[in-house]
Amino acid sequence: MGRRSYVEGMHEFSLALSLIEAVEQKAKEVGATSVVYIKLRVGMATTVVPEFMAEAFEVAKMGSLAENATLEIELEPISFLCWECKTEFEGENLFSRCPFCGSVGGRVISGDKLIIERIEMEVMKDEPAGQTAQASPDA
Amino acid sequence: MSQQDRQLKQVLMLENLLHANELIAKRINERLSRSKTLLINMISSPGSGKTTLLEATAKALGEEMHIGVIVGDVATQRDYERLKTCDIPAVQIVTGSECHLEAAMVEQALNQLPVDELDAVFIENVGNLICPAEFNLGEHFRVTLLSVPEGEDKVLKYPHAFRTSDALIVTKVDLLKHLNFDVGLVKDYAKSLNPNIHIIAVSAFTGEGMSEWLEMIRMWRKEAFR
């Protein structure tokens, strides 16, 4: 895969490729001709740097069905369950303090994932919505 | 085909971006659980002593367990050559541009090991404290190493690997007498990320802490396949 050789030592690039693969698969399922918009939720407890992700996406999308797509990244705060007082609270990094008892961190309930939230695609008119396209040979 | 022939369609996906990796990781885990082969993913910065710890582990467990190793590096087969001299089956993955191992690479590497005859396989991940934390390799247990010369603050700076690990091995503790490094502080930081993490201070050079580490591997084998 030629696109793989671009950004060395940056895991955002391999994640951007996975994003394109997942989105292309969905586009093929519904018989879309292109993907125009992708919304990605990046949890603040992940290792992903949004700026790097955006940059990697611009390269990863080349030659794919998402070639002209815009990527919107939404940062998702971390939801903790406090280790000490068991109260739920939100924070922006893994060492956030519980506002109720002041102790550091907690079990991460959400904000530790990368979620493809929704995508917008171009489909041919008159094609019944949700119709499954023929499986492509490389799918 | 004109613009008028097309329309926009929105789809709510709510899909984990790492879904494909997770599926392969699950397959790996199931396969190794069937053959009762313990899989341990070892993460650390470059130079914190993964290969040295593995060499010492292979020597110590040689009589007791059949172990294999998968080694990930961006370039060279140096670690592979070192581990080969320990007389254990080893597979090198040269990732080229990738800063981490992914489940698909590990699955391929496992095909080159006599998995059914092995009691444990250690994955020496690419030396990097950040990226590997994001990728499940199907391991039963995850270990992060932090060497004394790196300093305590690495837990604060790169918390992800520590948060997701079952054990933290503080390595090169024979250097404690020369350096300012507070093991207690590292424990506090790591426990605030993950209260259940096991912390072991090891020197593969002097042998300190090795018996505790080996005992943990034995315990994990029981825990994973009971």
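What percentage of the 226 residues in chain B is made up of buried residues? Buried residues account for 47% of them. Please keep in mind as we walk through that this is a predicted model.

Let us stay with chain B for a moment. Chain B holds eight helices and eight strands, and its C-alpha atoms fill a box of roughly 75 × 40 × 40 Å along the principal axes. Among the contacts in chain B with a separation of 6 or more, 75% are between residues 24 or more positions apart.

In E3(B), seven of its seven residues are buried, and the strand is described as mostly covered. Both faces are covered: on one side sit Ile67(B), Val69(B), Val71(B) and Asp73(B), and on the other Gly68(B), Ile70(B) and Gly72(B). Which strands does E3(B) pair with? Strand E5 (residues 120–124) of chain B runs parallel to E3(B), joined by five bridges; here Gly68(B) has Val121(B) as its bridge partner. Strand E4 (residues 90–94) of chain B also runs parallel to E3(B), again with five bridges, and in this pairing the partner of Val69(B) is Ala90(B). As background, strands of a sheet pair through backbone hydrogen bonds, either parallel or antiparallel. Follow the chain from E3(B) through H3(B) to E4(B) and you trace a right-handed β-α-β unit.

Thr76(B) is not a glycine, although its phi is positive, at about 75 degrees. Is Thr76(B) buried or exposed? With 10 other C-beta atoms within 10 Å, Thr76(B) is exposed, because a residue counts as exposed when 12 or fewer such atoms lie within that distance. Lys36(B) also has a positive phi, near 55 degrees, and is a residue other than glycine. Lys36(B) lies in the loop between helix H1 (19–34) and strand E2 (38–43) of chain B. Its count is 13 other C-beta atoms within 10 Å, so Lys36(B) is partly exposed.

Several residues of H2(B) are buried, including Lys50(B), Leu53(B), Leu54(B) and Ala58(B).

Now we can turn to chain A. Strand E1 (residues 34–43) and strand E2 (residues 70–76) of chain A pair in the parallel sense over seven bridges, with Gly43(A) standing opposite Glu76(A) in E2(A). Together with helix H2 (residues 50–60) of chain A, E1(A) and E2(A) make a right-handed β-α-β unit.

Val35(A) is a residue of strand E1 of chain A. Why does Val35(A) count as buried? The reason is that Val35(A) has 24 C-beta neighbours inside 10 Å. Leaving aside neighbours within four places in sequence, the residues in contact with Val35(A) include Val23(A), Leu65(A), Ile119(A) and Met121(A). Ile119(A) is 84 residues away from Val35(A) along the chain, yet their C-alpha atoms are separated by 7.2 Å.

Elsewhere in chain A there is an open sheet of three strands, in the order E4-E3-E5, with antiparallel pairing. Strands E4 (88–91) and E5 (106–110) stand at the edges with a single partner strand each, so one side of each is left without a neighbour in the sheet. Direction ignored, neighbouring strands of this sheet are turned by 40 degrees against each other on average. E3(A), residues 78–82, pairs with E5(A) over four bridges, and Cys82(A) stands opposite Gly106(A) in E5(A).

Finally, let us see where the two chains meet. Here 37 residues of chain A are in contact with 31 residues of chain B. On the chain A side, helix H1 (11–29) and strand E6 (114–124) are the elements that give two or more residues, and E6(A) provides the largest share, 11 residues. This side of chain A divides into 18 nonpolar, nine polar and 10 charged residues. E6(A) also runs antiparallel to strand E1 (residues 6–16) of chain B, joined to that strand by nine bridges. In E1(B), Lys9(B) stands opposite Met121(A), a residue also in contact with Val35(A).

Terms used: Residues are numbered from 1 along each chain as its sequence is written. Chains are lettered from A and ligands numbered from 1 in the order in which they are written. This is a predicted model: local features need pLDDT of at least 70, side-chain atom pairs count only at pLDDT 80 or more; totals for chains, interfaces and linings use all residues. Two residues are in contact if their C-beta atoms, placed from the backbone, lie within 7 Å. Ala, Val, Leu, Ile, Met, Phe, Trp, Tyr, Cys and Pro count as nonpolar, Asp, Glu, Lys and Arg as charged, and the others, Gly among them, as polar. Two strands pair if DSSP finds at least two bridges between them. Axes are lines fitted to C-alpha atoms, for helices over the stretch in contact, and angles run from 0 to 180 degrees between N-to-C directions. A residue is buried if 20 or more other C-beta atoms lie within 10 Å of its own, exposed if 12 or fewer, and partly exposed in between; C-beta atoms are placed from the backbone. A crossover is right-handed if, with the strands pointing away from the viewer, the path from the first strand over the helix to the second runs clockwise.
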